[in-house]
Amino acid sequence: MVIYGTTPSGSPQSISAPHAIALPEPLIRQTPLGTYCAAGDFYIDPQRPVRRAVITHAHSDHARWGCDHYLATTSSEHLLRMRLSNDADFQFAPYGQTVHHHGVQISFHPAGHMLGSAQIRLEHRGQVAVVAGDYKLGPDATCASWQPIRCHLFVTESTFALPVYRWPDADQVFESINRWWRDSAAAGKCCLLYGYAVGKSQRLLAGLDTSIGPIYTHGAVEKGVQAYRDSGVKLPETRYVGSIDGKHDWSGSLVLAVPSAHGTPWTRRFGAVSTAMASGWMMIRGPRRRRATDRGFVLSDHIDWPGLLEAVALCDPDKVWVQHGYTAVAARYLCELGRDAVSIDRSGRRGEEEEDGSEIDTAPASPPDRGDATP
Amino acid sequence: MRRFARLFTRLDSTTKTNEKIKALVEYFDLADRGDAAWATYFLSGRKLRRLVPTKLLRQWAAERAAVPEWLFEESYSAVGDLAETLSLIVPPGSPADDESLSVWVNKRLLPLRTMTPDQQHAAMLSLWQQTDTETRFVAMKLITGAFRVGVSKRLITRAIAQHAGIDSETIAHRLMGDWEPTAAFFSGVVDPDTDDTKISRPYPFCLAHPIEQATEPDRDGGAPQAAVIAAQLGEASEFAAEWKWDGIRGQLIRRAGETFLWSRGEELMENRWPEIEAAAESLPDGSVLDGEILASELDPQGGVQAVLPFSQLQRRIGRKRVGKKLLSEVPVVFHAFDLLEREGRDLRPLPFRERRLQLTELLDRFPHPHLCATQLFAQQDWLTLAEKRETSRQHHSEGLMLKRWDSTYQVGRVRGTWWKWKIQPYTIDAVLIYAQRGHGKRASLYTDYTFALWEGDELVPIAKAYSGLDDAEIRQVDRFVRQHTRESFGPVRSVTPELVFEIAFEGLSRSTRHKSGVATRFPRILRWRHDKKPGDANQLNDLKALLPES
C-alpha cells in the first residue's frame with residue numbers, strides 16, 4: 001500500500017511512521033470546545049468561536065462561524081466563504097502542502113466526503129496524528145478520493161459504525177435513481193429528490209442522466225451548486241426553481257431539494273410528484289418509512305462498517321479515537337480486534353435535525369438488559 | 001418469491017391507498033392461485049408459527065457476519081426489527097433461480113419446522129447465500145413470523161374484489177374465519193358462482209366511530225356537550241342508545257347443530273367460554289348473534305344482576321381451558337346487541353330497528369341464563385343521555401353506544417351509523433423517568449416511555465405509554481432523552497426527572513405485580529405539560545384515591 005506524506009513542495013513521499021517511539025505529551029486532546037493541539041495552540045473543527053481553527057470541511061457542524069483565523073483546503077475556499085463571514089482571516093492550503101505553525105507540521109489530505117473535505121495530518125516531534133473528519137471510501141465524481149495515511153493516532157467518525165450499514169455500489173444506486181426518474185417521467189410526474197444542500201446534492205447531480213429531462217434546484221441547493229461550479233467542478237446544467245415565473249409544466253423534470261422542503265407548500269407547484277430521499281439512513285426501513293417519501297436511496301458520504309474497518313487497517317495507527325455517532329460500539333469492536341481504541345464523545349451527536357441530511361442518531365446503550373426498569 | 005418481495009417493497013414504500021391497491025391487483029392478476037392464496041394469507045396477518053427459534057437465527061447470523069453477539073444486539077437495537085437486522089447483517093448473497101411463493105413456503109419454509117437444528121442451520125446458510133437483501137428480508141419476516149405491512153384487511157379485500165370482478169362484501173365474507181391457503185381455496189374466493197356455505201364462517205364485524213369529543217377531556221358536560229353532539233349527529237330520536245361495555249366482542253354462530261364463537265380478531269374462541277357455548281345450544285340452527293362477552297353477576301333465578309369490571313373478566317382471558325373454581329367465581333354472559341342471521345337468512349340489509357325486534361323475539365323464545373339481549377335506553381334526548389354517560393363508571397361501562405335505528409349492518413368502520421361515546425378518561429400528571437427505543441417506524445427513536453408519580457421524595461413507576469405525542473414532540477423528547485441520560489440498562493435509559501406529561505387511562509385496579517400496587521388500563525399521553533415542573537406532578541396517593549372500592 002502506498003503511504004502518503006508530504007513535503008512543502010507538495011509532492012507525495014513515503015513516510016515511515018516511527019512506531020517504536022513512546023508517546024511523550026499527547027499531540028492533541030479532546031476539550032469541550034473541540035479537538036485541541038497544545039503545541040500549535042489551535043483547534044480542529046471547534047464547536048465555538050476560538051482564535052485559530054483548522055477546518056476539515058465546509059459543513060456547518062464542522063466549520064463554525066466566529067473564529068478569528070481559519071486554515072482550510074484551497075478547494076473548500078468558495079464553500080467556506082459562502083458559509084462564514086468574509087471578515088474572518090482565511091488561509092488556504094492545497095492538499096499535500098505542509099503548513100508550519102509553532103513547530104507543528106499541518107497538512108491536508110483528501111477525505112472523500114465532499115468538495116474540499118480533508119483529513120488533517122499533524123506532525124510534531126516525530127508524532128503523527130490524523131483527524132479524518134467525515135470521510136468515505138470509494139470514488140466520488142465531485143471530490144478527491146480518501147487516501148490512507150500511516151499515523152500514530154487516527155481520529156475517525158462513526159456515524160454509520162454498525163455492521164448493518166454496508167453501502168451498495170454507488171453506480172447501481174445512481175442507476176436506480178435514474179430508473180426511478182425515467183419511470184416517473186413516463187408517468188407524467190415530476191421527481192423531487194431530497195439530499196443535503198451542500199455535498200450530497202452535487203454528488204447526486206453529477207450522477208443524473210441528463211437525457212431524461214431538465215434538472216431544477218431548490219434555492220439552498222442552487223447556492224451549493226454555484227459554489228461547486230466556482231470551484232471548477234463540472235456539473236450538469238440546472239435551473240433555480242425560483243427563477244421560473246407563472247405556469248410551468250414540471251412533468252418529466254427532476255428537482256433537487258433539501259429534505260426540510262418535503263411536504264411543505266413549496267412542493268405544491270410541481271403538481272403530480274414522486275419523492276425520494278438519498279441518505280445512508282435509508283438503509284433502514286424505520287427511517288425510510290418515517291421520511292414518508294415514495295423512495296429511499298442508500299447513498300452516503302460517510303464510511304460504512306466495512307469501510308471503517310478497512311480504513312483503520314490501512315492507516316494502522318497505535319491508537320484510534322472514535323467520535324460522532326456509534327463511538328462506543330466502534331471503539332469496543334476495534335479493541336476486540338486488538339486495537340487501542342477509545343470513544344471520545346459520549347453524546348452521539350448525529351441527530352435527525354443535523355445538517356448532514358442525517359436522519360436519526362443512535363447513541364448506543366450498553367448491555368445487559370435490566371428487567372425491572374419498567375413496571 | 002422475488003415477485004412477492006417486490007410486492008412487499010411496493011406496498012411498503014407508499015402510503016397511498018390507490019397505489020397499494022394497484023400493486024396488489026397487479027400481483028393477483030399475474031400470480032397463480034396457490035401464490036395468491038399464500039399472499040392473501042400473509043398480507044392479512046396470518047403467520048407460519050415456530051419455524052426456527054429466533055435465538056438460533058441470531059446466533060447463526062452473527063456467526064455468518066463474523067460479529068460478536070453484543071454487536072448483533074446493538075445492531076438490532078438500532079434497527080428495531082429482527083428480520084431486518086438478520087437480513088442486513090449477513091453479507092448479501094447472489095440470487096439463484098427464483099421459485100414461486102407457494103414453492104418457497106412448501107419446499108423451503110414449512111419443512112424447517114421438522115428439521116434438526118443442524119439441518120436448519122444449513123438451510124439458513126443456503127437461503128442467505130441465494131438471496132438479495134429484498135427477498136431475504138421478506139423471507140426472514142415470514143420465518144420470524146413478524147410479517148406485517150401497512151395493508152388492512154379491507155384493502156386486500158378490495159384488491160381481490162377488483163381482481164376478480166366481485167363485490168368486496170362477498171370477498172370479505174369468504175376471507176373470514178379459518179381457511180387453508182391453497183389454490184382451491186383461492187379459486188373459491190374469486191369464484192363468482194360459489195354459494196357460500198361454510199358453516200363456521202362469521203360475518204365481518206361492524207365497528208363504531210368514536211365521537212371526537214370523547215377523545216378530549218370534555219369538562220363542560222351537560223347542556224353544551226349535548227349541543228355539540230346534536231350538531232354532530234342530529235336528532236336523538238334517530239338513535240338507539242345503550243351502555244358501551246368493556247368486555248370481549250364476539251360473534252356467536254349456531255349452524256347445523258354446531259357452535260362457533262369468534263372474536264373480533266377473527267380468532268375462534270373454542271372451549272374458553274363453555275357457558276356461552278352451552279347457551280348457544282339452546283338456539284335454533286341458522287342464528288348468528290353479535291355481542292359482548294362480559295363477566296356478570298347472576299341472581300339466583302339466573303338473571304343478570306350487574307356487569308362486573310373488566311379486571312374480573314381478565315382473570316379468564318388467555319385461559320385456553322377454564323377450571324370449575326374460576327367458572328363459579330367469574331361467570332360470563334353473552335350480551336347480544338344485534339342479530340345478523342336468523343333461520344339461515346342474512347339479516348344485515350335490514351334496518352337496526354328490525355334486527356333488534358327479531359333479536360328480542362328470538363331470545364324470548366329460547367331463553368338461557370348465559371345469553372341475554374342488551375338493554376336499550378328508553379327514548380331520550382341528548383341532555384339526558386349526556387347525564388347518563390356521566391354515571392357510566394358506576395355500571396362498569398365505558399360510556400354509551402349510539403346506533404342509527406335505520407342503519408343496515410355494515411362491514412368495518414363506516415362513518416355515521418354506529419358511534420361510541422366514551423367517558424372522559426382518568427388523567428394524572430406524571431414524570432418521565434425511563435425511555436426505550438421504539439420498533440418499526442419508530443425504530444431508533446426513544447418513543448416508549450415510563451412515567452412515575454411521587455411517593456414521598458421517591459418516584460414510583462405507574463405506567464408505560466407509547467402514544468399521544470406528534471412527530472415533532474417525539475423528536476424533542478428523543479433529544480431530551482439523549483442529553484439527559486443518567487444510566488442505561490440494556491435498551492432502557494433512565495433520564496433526569498424533568499418532563500411532566502398528562503397521562504390518560506381508562507381504568508385502574510389493584511395489582512400485586514406492580515411496585516406501585518396499581519395497574520392502569522390503556523395508558524396514553526394526553527399532552528406534554530410544559531407548564532409544570534416535576535414537583536408539580538401528582539402523588540401516588542392521588543392515583544390510589546381513584547381505585548374503585550372492593
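The following legends describe close-up views of a predicted model.

Residues are numbered from 1 along each chain as its sequence is written, while chains are lettered from A and ligands numbered from 1 in the order in which they are written. Because the model is predicted, local features need pLDDT of at least 70 and side-chain atom pairs count only at pLDDT 80 or more, whereas totals for chains, interfaces and linings use all residues.

**View 1. Overview of chain A.** Chain A contains seven helices and 21 strands, where helices (H or I, at least four residues) and strands (E, at least two) are DSSP runs numbered from the N terminus. Of its 375 residues, 53% are buried; a residue is buried if 20 or more other C-beta atoms, placed from the backbone, lie within 10 Å of its own, exposed if 12 or fewer, and partly exposed in between. Among contacts in chain A between residues at least 6 apart in sequence, 57% join residues at least 24 apart, a contact being two C-beta atoms, placed from the backbone, within 7 Å.

**View 2. The six-stranded sheet of chain A.** The strands form an open sheet of mixed pairing in the order 3-4-5-6-7-8; two strands pair if DSSP finds at least two bridges between them. Strand 3 (29-31) and strand 8 (89-93) of chain A are the edge strands, each pairing on one side only. Direction ignored, neighbouring strands of this sheet are turned by 30° against each other on average, with axes fitted as lines to C-alpha atoms, for helices over the stretch in contact, and angles running from 0 to 180 degrees between N-to-C directions. Three bridges link strand 6 (residues 52-54) and strand 7 (residues 69-73) of chain A in the parallel sense, and Val54(A) has Leu71(A) as its bridge partner in strand 7.

**View 3. Surroundings of Cys37(A).** Cys37(A) belongs to strand 4 (residues 34-37) of chain A. Cys37(A) counts as buried because 24 other C-beta atoms lie within 10 Å. Leaving aside neighbours within four places in sequence, Cys37(A) is in contact with Leu27(A), Ile28(A), Phe42(A), Val104(A) and Leu122(A). Pro26(A) is eleven residues away along the chain, with a C-alpha separation of 8.7 Å from Cys37(A).

**View 4. The nonpolar cores.** A nonpolar core is a set of buried Ala, Val, Leu, Ile, Met, Phe, Trp, Tyr and Cys residues joined through C-beta atoms within 7 Å. In the largest core, of 160 residues, Val130(A), Leu193(A) and Val255(A) touch the most other members. Helix 3 (residues 33-43) of chain B supplies the largest share of this core, seven residues. A second, separate core of 45 residues includes Ile248(B), Val332(B), Phe337(B) and Ala373(B).

**View 5. Helix 1 and helix 2 of chain B.** The axes of helix 1 (residues 2-12) and helix 2 (residues 17-30) of chain B come within 9 Å and cross at roughly 170°. The two helices of chain B are therefore roughly antiparallel, the word for angles over 145 degrees. Arg3(B), Leu7(B), Arg10(B) and Leu11(B) of helix 1 meet Lys20(B), Ala23(B) and Tyr27(B) of helix 2 in this contact.

**View 6. The four-stranded sheet of chain B.** This open sheet has the strand order 2-13-11-3 and mixed pairing. Strand 2 (209-210) and strand 3 (239-245) of chain B each have a single partner strand, so one side of each lacks a neighbour in the sheet. Strand 11 (residues 397-404) and strand 13 (residues 418-422) of chain B run antiparallel, joined by five bridges.

Notes. Parallel < 35°, antiparallel > 145°, perpendicular 65-115°, else oblique.
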